[in-house]
Amino acid sequence: MSLPLVFHDDYSPPLPPGHRFPMEKFRLLRDHLVDSGLTTDAALRRPMLCSHDVLNLAHDADYVARYCSGDMSPAELRRLGLPWSPALAQRTVRAVGGSLLTAELALQHGLACHLAGGTHHAHRDHASGFCIFNDLAVVALYLLESGRVGRVLIFDCDVHQGDGTARILDGVADAVTVSLHCEKNFPVRKATSDWDIPLAPGLGDAEYLRIVDDTLNYLLPLYQPDLVLYDAGVDVHRDDALGLLALSDAGLAARDSAVLEHCLGRDIPVAGLIGGGYDKDRARLARRHAQLHISAAQAW
């Protein structure tokens with residue numbers, strides 16, 4: 001079989017013209033992977049909507065119900081940074097279902113990748129930074145509570161700290177949160193992950209990759225997780241509009257390959273999620289995100 005990849009046509013609902021969030025990148029990523037021959041549209045796994053009961057494992061039930069029904073205040077929507085629409089609400093719930101499916105496939109086959117996911121700024125009772133529901137926290141809690149895994153390690157390489165994930169999973173001993181992020185970037189008020197690794201602005205390939213290697217060489221033997229959720233944010237790239245690190249295309253490829261090699265070399269399944277990435281050239285951004293899936297296909 002081919003590398004399991006998860007996608008749904010719901011993932012790119014329309015936003016107002018000129019909106020800074022690149023919602024079309026998910027569709028363009030699918031198109032690029034199909035055009036490049038890495039997969040076919042028919043081979044992509046389509047997720048179900050995530051149930052409210054599962055969302056409520058990580059989120060306040062009232063918040064989940066209010067968001068899904070559109071009962072959000074103007075202040076809440078400003079904090080989110082996205083307008084509400086029925087299509088976006090369905091996309092949001094579907095994408096969490098996509099991350100759940102990706103994790104299930106990773107446990108079955110050792111490796112699987114989502115063409116979305118990594119919404120790590122969503123908190124238990126509010127949205128933030130383009131993130132509505134926290135798929136990383138939902139997946140971790142669902143797998144732990146269902147007994148599918150004994151320990152999950154979240155390895156978050158987005159340029160921004162995974163503050164929502166850290167706060168939701170605070171005190172959950174078997175959900176280990178690791179965040180490699182630029183120290184001077186959103187959010188201004190950082191949370192406390194199990195392992196925070198703040199990086200200086202302008203950090204380039206060589207030092208970044210050394211830190212990735214050192215971190216995984218230490219933490220994977222220490223925790224011996226049953227699954228790694230890998231947030232492969234590309235906003236660490238030197239040309240990203242919202243990031244302050246300086247990785248090259250080659251650096252991104254080396255990072256993704258290193259993470260997969262560290263985990264798979266220890267027989268630890270990996271679920272890859274694309275995380276953040278911002279560029280006015282949406283096609284170029286999609287190609288940047290595709291590096292995760294290319295590296296995964298090579299590891300597969």
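Modeller: The pair is Asp-174 and Arg-151, which form a salt bridge with their closest N and O atoms 3.6 Å apart. A salt bridge here is a side-chain nitrogen of Lys or Arg within 4 Å of a carboxyl oxygen of Asp or Glu. Asp-174 sits in the loop between α7 (163-168) and β4 (175-182), and Arg-151 in the loop between α6 (135-145) and β3 (152-156), so the bridge ties together parts that are 23 residues apart in sequence. Helices (H or I, at least four residues) and strands (E, at least two) are DSSP runs, numbered from the N terminus.

The model is predicted: local features need pLDDT of at least 70, side-chain atom pairs count only at pLDDT 80 or more, and totals for chains, interfaces and linings use all residues. Residues are numbered from 1 along each chain as its sequence is written, and side-chain values use heavy atoms, with hydrogens and water left out.

Now accessibility. Asp-174 is partly exposed, at 31% relative accessibility. Arg-151 is partly exposed too, with a relative accessible area of 26%. The cut-offs: buried is under 20% relative accessible area, exposed is over 50%, and partly exposed lies in between (1.4 Å probe, protein chains only).

The structure holds 17 salt bridges. Asp-62 pairs with Arg-66, closest N to O 3.3 Å. Both lie in helix α3 (residues 61-69), 4 residues apart, about one turn of the helix. Asp-62 is partly exposed at 47%, whereas Arg-66 is buried at 18%.

Next, Asp-41 and Arg-30. Their side chains meet in a salt bridge at 3.1 Å, N to O. This pair links distant parts of the chain: Asp-41 is in the loop between α1 (25-35) and α2 (52-55), while Arg-30 is in helix α1, 11 residues apart. Asp-41 is partly exposed at 32%. Arg-30 counts as buried at 13%. Both belong to a network of salt bridges that links Asp-9, Arg-27, Arg-30, Asp-31, Asp-41 and Arg-46.

Back to β4. The loop between β4 and β5 (195-199) holds Pro-187. The peptide bond from Phe-186 to Pro-187 is cis, with omega near -5 degrees. Most residues other than glycine have a negative phi, and most peptide bonds are trans. Phe-186 is also one of the residues touched by Ser-128. Contact means heavy atoms within 4.5 Å. Ser-128 lies in the loop between β2 (111-114) and α6. Ser-128 is buried, at 8%.

Phe-130 lies in the loop between β2 and α6 as well. Its phi is near 70 degrees, a positive value in a residue other than glycine. Phe-130 counts as buried, at 15%. Gln-224 also has a positive phi, about 45 degrees, although it is not a glycine. Gln-224 is in the loop between α8 and β6 (227-231). Gln-224 counts as exposed, at 59%.

α8 also takes part in a helix pair. The axes of α8 (residues 205-223) and α9 (residues 249-264) come within 10 Å and cross at roughly 10 degrees. That makes α8 roughly parallel to α9 (angles under 35 degrees count as roughly parallel, over 145 as roughly antiparallel, 65 to 115 as roughly perpendicular and the rest as oblique). Axes are lines fitted to C-alpha atoms, for helices over the stretch in contact, with angles from 0 to 180 degrees between N-to-C directions.

Last, the whole. The protein has 10 helices and 7 strands. Its radius of gyration is 17 Å, close to the 19 Å that the globule rule gives for 300 residues, so the protein is as compact as a globular protein of that length. That radius is taken over C-alpha atoms, and the rule is 2.2 Å times the number of residues to the power 0.38. The C-alpha atoms fill a box of roughly 45 × 40 × 40 Å along the principal axes. Of the 300 residues, 58% count as buried. Among contacts with a separation of 6 or more, 74% join residues 24 or more positions apart.

Key:
Lists of a residue's contacts leave out its neighbours within four places in sequence.
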